[in-house]
Amino acid sequence: MSKQMVMILLVISAIAEGTQSLQLNAGNWGASFEVETKKETVTNLQFYFHDILSGKNPSAVQVTQPIDKSKSFSTLFGEITMADDPLTETPDPKSKLLGRAQGLYASSCQQELGLMMVLSYSFIDGPYNGSSFTILGKNSAMNPVREMPIVGGTGLFRLARGYALAKTYWFDPTTGDAIVGYNVTLFH
């Protein structure tokens, strides 16, 4: 029996039973099914993010500037920065390298220094080697503690969700260099 004939029979059956009982399915392009899942794992991570814009080998570089610098001086609205920032065990830049935060952040607010963070935090050490999680959300950079959403992950963090709390440990207003402490909670 052709797929068209099956669909016609399903529609006729649904009409005969009343439209209240009509259940839509995914058709030919997908399937839904129930899955038995194990209990979720909760992982807490603490590390330091080193965003270095100065020097001979910066870990972050500005790729666009605000159109009107005079209007956006305090918020940097329109600026986009590409980052490949080291993640370390302590605030000391020479401490153990745990991984890297790679992606971009953009000044997306006109009333405050608010950054849209689009970064993958990839790990190269210990049990999380080869795993990553992604932050996609607003970082109100002038707040003492910022909360940002975790929207996915790979490896041990596949299908992760959660949140990251960020607190500035050190900031140089002349260069824009910063060290930020992260406390991350992942559900996976």
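A: The side chains of glutamate 79 and glutamine 62 are joined by a polar contact of 2.9 Å; a polar contact is a pair of N or O atoms within 3.5 Å, where within protein one must be able to donate a hydrogen and the other to accept it, and residues adjacent in sequence count only if both atoms are side-chain atoms. This is a predicted model, in which local features need pLDDT of at least 70 and side-chain atom pairs count only at pLDDT 80 or more, while totals for chains, interfaces and linings use all residues. Residues are numbered from 1 along each chain as its sequence is written, and side-chain values use heavy atoms, with hydrogens and water left out.

Glutamate 79 is placed in the loop between S2 and S3; strands (E, at least two residues) and helices (H or I, at least four) are DSSP runs, numbered from the N terminus. Glutamate 79 counts as buried because its relative accessibility is 17%, where buried means under 20% relative accessible area, exposed over 50%, and partly exposed in between (1.4 Å probe, protein chains only). Leaving aside residues up to four places away in sequence, glutamate 79 touches Gln62, Thr64, Pro66, Tyr105, Ala106 and Ser107; contact means heavy atoms within 4.5 Å.

Leucine 76 belongs to the loop between strand S2 (60-64) and S3. Its relative accessibility is 32%, so leucine 76 counts as partly exposed. The phi of leucine 76 is near 60°, a positive value in a residue other than glycine. Most residues other than glycine have a negative phi.

Two or more lining residues come from each of strand S1 (42-51), S3, strand S4 (97-107), strand S5 (114-123), S8 and strand S9 (178-187). The volume of the largest pocket is about 760 Å³. On a 1 Å grid over the protein atoms alone, a pocket is an open set of points with protein on both sides within 12 Å along at least five of seven lines, whereas a cavity is a set where a 1.4 Å probe fits but cannot get out; lining residues have an atom within 4 Å of a point. Grid points are joined across faces, edges and corners, and a volume is the space filled by probe spheres set on the points.

Strand S3 (residues 80-88) includes threonine 88. Threonine 88 counts as buried because its relative accessibility is 1%. A polar atom of the threonine 88 side chain lies 2.6 Å from the backbone oxygen of threonine 90, and a polar contact of 3.5 Å links the side chains of threonine 88 and serine 95. Beyond four places in sequence, threonine 88 touches Phe47, Tyr48, His50, Pro93, Ser95, Lys96, Leu97 and Leu98.

The chain as a whole has one helix and nine strands, and buried residues make up 32% of its 188 residues. Its average pLDDT is 87, and 81% of the residues score at least 70; pLDDT is the predictor's confidence in each residue, from 0 to 100. Over residues 18-22, pLDDT stays under 50. Where pLDDT is low, the predicted coordinates should not be read in detail.
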